[in-house]
Amino acid sequence: MGQNNQILKIENISIYYGHICAVRNVSLSAHQAEIVGLIGANGAGKSTVLKAVLGLQRSRTGFIQFMGRDIAKMSTENIVASGIVYVPEGGGVLPFMTILENLLLGAIHFKGNLHERLSKVFERFPILKERQNQQAGTLSGGERQMVAIGRALMSAPKLLMLDEPSLGLAPKVVTGVFEVILNLQKEGYTILLSEQNAKKTLLCANQAYVFQTGEIVLNGTGQELLTNPNIQQAYLGGYSEK
Amino acid sequence: MEVFIAQLISGIKLGTLYAVVVICYNLLILVTGILHLGYASLLVLSMYAAWFVLNATNNNLILGMMAAIASGVVLGAITAPLFLPFIKRRAMLEALVVSLALGIISSDIMSHWFNLGLPIAFPPSLQMEGRSIQWGLTIIRMGELVTLLVSVLIVIAFLYFLNKTKQGRILRAVAQDTEVARILGISVPKTAILSFALAGLIGGITAILFAMSTGTASSILGDSLSIKALAVLFLASIGNLKGGLICSIILGVVESLAMGYLPGDWTNAIAFSVVVIILLFKPEGLFGEQH
């Protein structure tokens, strides 16, 4: 992977909540059309890294570069406008708004043809078109995740960060979510994927980082980590048979 | 019967005026989390600005109205930054103190700097005196009718803005979930300033309407107005726009009928007794939370 198609470069960031260190000396990078997986237990610091990229948490050290620009001090508003979107855990769908309104809110910084963009999202998720005037609060968990990803795509982002998209979903729906993620990659989207479902993440990730209590303890390609005995024991125990 | 109809119409007019004020309270509560108790006093300050310009320009109505609207927007926009640090920290009690302080300061400005502290009177031409619609024995003054129509228009325009425009959606997103709004790239401070400016704009127009329909104002008008708005807010459930509309009109009609039939001014006592009784049995208010 050359330097020129590097989308995101995080170098040595550390984030504190008060005196508690949530993330220590984390460095990682993502290239064009890559899925980069962040795996590890709940509370290991994966979400905190994603929030730092979006400027919701600030690092005391290091830098965060997006397409060659240092964004560590930019406002969240400008970071989103520059092409990074974040889908929080649970999707962050606004329940008292319709699906259509939720989708339109994803495009507040989008400068192109809004109708075209909307029909592309509807093409990907036809069920959202059918129900566009329904309140988002009435949807199931999987449907909410569709709205959340659809809303993220409304701005034609250059980097898509998904935080636990499969959390709390039925196994069949989880498979569907990962299919969507793989399709997005095929279309050229760069995806930062934080997941507790290590097996499924490693299966589709080009690069993956293993988090433990705020630090990266291991990294490599998805294949390397899948066959790593330590990983198999710690994270893939239940899943590895299948 | 004629008295009843006249009082009813006058009550509906008063109610729609309250509704406009209550909408602004709700807007600020939903978007910024602040119960802006001083807002009504700022609105009355806009009435004073209009009065001042009317006096200075030999009752040029257009300039007087423009003064009210401009002062409303300016007061909204310059007071918003005072609240921003508290909005960011979600320190609502401190914000409440700031709001009260603004109300007290503007009341003092009105009582010290204008008209020797005496109530001000607006020129009869603003109230369109002499023009009225007569229907049987019921006479409706033109000023009242215009007030009613414009208030209804403000409510409709506001709801349209909130539900059908991009900026309106942004306001609603912040109101529903500040954290998600931030993730979507919405600037919460900018949205807060927008909501203050919008409340100021509506406040400025409402100031003219109050001047038109009552013809007078005094420095304590803001206090009684904010008390009434507070009653409606709690009665209708804080943050519930539709409930606020309905309860405002009920309050206006009850107040107007009480004025027509009961000796002395018991409206505040009655209104608040009803509020207390309802809150005892329905602590969340009549309409519950709604977005």
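**Burial, strand pairing and chain contacts in the predicted model**

B:Asp223 has 18 C-beta neighbours inside 10 Å and therefore counts as partly exposed, since a residue is classed as buried at 20 or more such neighbours and as exposed at 12 or fewer. The model in which this residue is described is a predicted one. B:Asp223 lies in helix α9 of chain B, which comprises residues 221-236. Between B:Asp223 and B:Gln176 the separation is 47 residues in sequence, and the C-alpha to C-alpha distance is 30 Å.

Chain B also contains helix α8, formed by residues 188-214. This helix has 27 residues and extends 38 Å from its first C-alpha to its last, close to the 39 Å expected at 1.5 Å a residue. Of the 27 residues of α8(B), 21 are buried, so the helix is largely enclosed by the rest of the structure. Just after α8(B), B:Gly215 adopts a positive phi of about 80°.

In chain A, strand β3 spans residues 35-40, and six of its six residues are buried, so the strand is largely enclosed by the rest of the structure. Burial applies to both faces of β3(A): A:Ile35, A:Gly37 and A:Ile39 point one way, whereas A:Val36, A:Leu38 and A:Gly40 point the other way, and all are buried. Two strands of chain A pair with β3(A). With β8(A), residues 191-195, the pairing is parallel and involves five bridges; here A:Ile35 stands opposite A:Ile191. With β9(A), residues 207-212, five bridges are likewise found and the strands run parallel; in this pairing A:Tyr209 is the bridge partner of A:Leu38.

Helix α1 of chain A, residues 46-53, is mostly covered, with eight of its eight residues buried. After α1(A) comes A:Gly55, which has a positive phi near 85°.

Contacts between the two chains involve 18 residues of chain A and 15 residues of chain B. On the side of chain A that touches chain B, the elements giving two or more residues are α2 (76-81) and α3 (99-105) of chain A. The largest share of that side, four residues, is contributed by α2(A). By residue class, the side of chain A that touches chain B consists of 12 nonpolar, four polar and two charged residues.

Note on methods: Residues are numbered from 1 along each chain as its sequence is written. Chains are lettered from A and ligands numbered from 1 in the order in which they are written. This is a predicted model: local features need pLDDT of at least 70, side-chain atom pairs count only at pLDDT 80 or more; totals for chains, interfaces and linings use all residues. The expected span of a helix is 1.5 Å times one less than its number of residues. Two strands pair if DSSP finds at least two bridges between them. Two residues are in contact if their C-beta atoms, placed from the backbone, lie within 7 Å. Ala, Val, Leu, Ile, Met, Phe, Trp, Tyr, Cys and Pro count as nonpolar, Asp, Glu, Lys and Arg as charged, and the others, Gly among them, as polar.
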